[in-house]
Amino acid sequence: MKGMEVTPFNGHWPDAEEVSDFGLWVLPVAPATVNTVVIESFGYLHGPARPLVTDTPHLVIDLRELFRDPHVSPELRYSTGRNDAVRANVLDQPGAVEFLRAQATAIAALVPAAQPHVVTVGVGCAGGRHRSVVAAEALALLLAADGIGTEVYHRDIRRPVVQR
């Protein structure tokens, strides 16, 4: 896996095209003929890991017990993982980037095994607005740097903040 710069943020992930508030399309460094990975972020408090794209993802990454939840910070609670401060909060935590690099390596290993099908990945956190969004988009960038076309969808990004 190639390196990933995590700071400073300029408001956009490099080499990524926003599809809508709900998603991101990341182009690999070299042109790809087909997207081979679909990543969807979600919140466990809004339901199980059943992404919009497929009923059963090949891999589910559960972030509920990993990394400090930006939700606990009042200044970040109503933002999403598309916000620079939230991205920095998640990615600057000890082990976060290394964890994401390891997950991207695992996902890349699934691509040849799943051919001709698309590899589907669910990334979940508590509410689906902070950690899972940041992680899904970071994974897409890491995969794209290795020439793997990726689409990202955020199932619960627009849902109301869960009051805990």
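Student: What makes α3 stand out in the lining of the second largest cavity?
Tutor: α3 supplies the largest share, three residues. Helices here are DSSP runs of H or I with at least four residues, numbered from the N terminus. This is a predicted model, where local features need pLDDT of at least 70, side-chain atom pairs count only at pLDDT 80 or more, and totals for chains, interfaces and linings use all residues. Residues are numbered from 1 along each chain as its sequence is written, and side-chain values use heavy atoms, leaving out hydrogens and water.

Student: Which residues line the second largest cavity?
Tutor: L63, F67, V90, L91, A96, L100, R131, V134 and A135 do. On a 1 Å grid over the protein atoms alone, a cavity is a set of points where a 1.4 Å probe fits but cannot get out, and lining residues have an atom within 4 Å of a point.

Student: Why is α1 called roughly perpendicular to α3?
Tutor: Helix α1 (residues 84-91) and helix α3 (residues 131-145) pack at about 80 degrees, with their axes 9 Å apart. Axes are lines fitted to C-alpha atoms over the stretch in contact, and angles run from 0 to 180 degrees between N-to-C directions. Angles of 65 to 115 degrees count as roughly perpendicular, so α1 is roughly perpendicular to α3.

Student: Which residues of α1 and α3 meet?
Tutor: V86, R87, V90 and L91 in α1 meet R131, V134 and E137 in α3, with contact meaning heavy atoms within 4.5 Å.

Definitions and conventions
Helix = DSSP H or I, 4+ residues; strand = E, 2+ residues; numbered from the N terminus. Parallel < 35°, antiparallel > 145°, perpendicular 65-115°, else oblique. 1 Å grid on protein atoms, 1.4 Å probe; cavity = no way out; pocket = protein on both sides within 12 Å on 5 of 7 lines; lining within 4 Å.
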